[in-house]
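Here is a briefing for a reader who is meeting this structure for the first time. Please keep the sequence and the 3D view at hand while reading.

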Amino acid sequence: METGSVANEKLRQLLLEDKTIDGYYAGRAYAVKRKDLEIGLKQYKGVFYDLELSQNQPDFFTKKLLVWFPGLLSYNHGNARENFFPNPFEGITGSIAKNTVVLRIADSNLINGSYYLNTPNFRDYEQNIQELIAKTAEEEGILRENILCAGSSRGGMGALYHGLLGNYALVSMDPVVDRSPWLQSADVQLMFDCIPVSFVDKLNQLLEKTNLSAEKIQVITSPQVPITYPFIIQLKTWKLALKTYRMKLADEQFDYQPYGGKMHGDFVNRNIPLLLMKINEFLYGCDSIENTIDEKTL
């Protein structure tokens, strides 16, 4: 798949025909029409997703919606589900506020997703994601102010972009807002020219127009992560709540890989409790529970 090779160009053409890879056998990769995939997820206008409803929850808790955007763990699995929907955080409901519906949205585009952005083969991808969020909220009777978008890495970009696009509160952990580090030696994510290299301008345009207060736009990052931080601080940071943290590391733990991928992964994985804390700060803030005392007990 060397850039410029016949195989590389063939793959690019397949993507533009709205096909993806689902299966390797005997040295061959199998192209499948994206909308014809069967990956064990629901589908809305080409957007694959999973919906976890709150069951038997006390009605004195406000009903809330958490929209989770999975990140990208590794590249080019033979299984399309692993490319689109890795680490869907299946156990999250045990760690968040009660009466929360969880909508997990797969980055179901190209081969390794498209950071939840439109592409030439899927020109209404962003609109369909927004429609899915709104449809879920309406069907579940959830108000806009009780919706939170969240994710890390690729999913952090999805949460940041679609939170701003739909004016939903968001928590984004170390979002990838520029993919140039992944293009230094080759296009390892196989996204070709289907999406921009940098998303900073698109995000800044949304930040300029947003009605959200800065505290509703939580971005968590670290100056120790060389593949994300220099680009994150190019955002209009005065329009958001930028939370920066440093990890305690021995010298041998610093990342000397060409594009710094290990530090990014370490920061995200080590700080899942921090991400959950920020998610719960919002979700519990939606609840208005007052302690009452029965006069007969006094």
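S153 counts as buried, because its relative accessibility is 12% and buried means under 20% relative accessible area, with exposed over 50% and partly exposed in between (1.4 Å probe, protein chains only). S153 is found in the loop between β7 (147–152) and α4. Its phi is near 60°, a positive value in a residue other than glycine.

This is a predicted model, in which local features need pLDDT of at least 70 and side-chain atom pairs count only at pLDDT 80 or more, while totals for chains, interfaces and linings use all residues. Residues are numbered from 1 along each chain as its sequence is written, and side-chain values use heavy atoms, with hydrogens and water left out.

**Overall make-up**

- The protein has 8 helices and 10 strands. Helices (H or I, at least four residues) and strands (E, at least two) are DSSP runs, numbered from the N terminus.
- Of the 298 residues in the protein, 52% are buried.
- Among contacts with a separation of 6 or more, 66% join residues 24 or more positions apart. Contact means heavy atoms within 4.5 Å.

**Another positive phi**

- Y115 has a phi near 60°, a positive value in a residue other than glycine.
- Y115 is found in the loop between β6 and α3.
- Y115 counts as buried, because its relative accessibility is 1%.

**Aromatic pairs**

- The structure holds 4 aromatic pairs. The rings of Phe, Tyr and Trp (its six-membered ring) pair if their centres lie within 6.5 Å; planes under 30 degrees apart count as stacked, over 60 as edge-to-face and the rest as tilted.
- One of the pairs joins F69 and Y116: the ring centres are 5.0 Å apart and the planes stand at 90°, so this pair is edge-to-face.
- That pair links distant parts of the chain, 47 residues apart. F69 lies in strand β5 (residues 64–69), and Y116 lies in the loop between β6 (100–105) and α3 (125–140).
- F69 is buried, with a relative accessible area of 0%. Y116 is also buried, at 0%.
- F122 and Y125 form a stacked aromatic pair, with 4.6 Å from centre to centre and 25° between the planes. F122 and Y125 are buried.

**Packing of α4 and α5**

- Helix α4 (residues 154–166) packs with helix α5 (residues 200–209) at an angle of about 35°, and their axes are 9 Å apart. Axes are lines fitted to C-alpha atoms, for helices over the stretch in contact, and angles run from 0 to 180 degrees between N-to-C directions.
- The crossing of α4 and α5 is left-handed: the near helix is turned anticlockwise from the far one by less than a right angle, whereas clockwise would be right-handed.
- On the α4 side, the contact involves M157, L160, Y161, L164 and L165. On the α5 side, it involves K202, L203, L206 and L207.
- The residues of this contact divide into 8 nonpolar, no polar and 1 charged. Ala, Val, Leu, Ile, Met, Phe, Trp, Tyr, Cys and Pro count as nonpolar, Asp, Glu, Lys and Arg as charged, and the others, Gly among them, as polar.

**Cysteines**

- How many disulfides does the structure hold? It holds 0 disulfides, a disulfide being a pair of cysteine sulfur atoms within 2.5 Å.
- C194 is buried, with a relative accessible area of 7%.
- C286 counts as buried, at 13% relative accessibility.

**A80 in helix α2**

- A80 has its place in helix α2 (residues 80–84), and A80 counts as buried at 0% relative accessibility.
- Leaving aside neighbours within four places in sequence, A80 is in contact with I21, D22, L37 and I39.
- The C-alpha atoms of A80 and L110 are separated by 9.7 Å, while the two residues are 30 residues apart along the chain.

**Q130 in helix α3**

- Q130 is found in helix α3. At 14% relative accessibility, this glutamine counts as buried.
- Not counting residues up to four places away in sequence, Q130 touches H162, L165, G166 and Y168.
- Q130 and H162 are 32 residues apart in sequence, and 7.2 Å apart in space, C-alpha to C-alpha.

**S74 in a loop**

- S74 has its place in the loop between β5 and α2.
- Is S74 buried or partly exposed? S74 is partly exposed, with a relative accessible area of 30%.
- S74 and V188 are 114 residues apart in sequence, and 9.8 Å apart in space, C-alpha to C-alpha.
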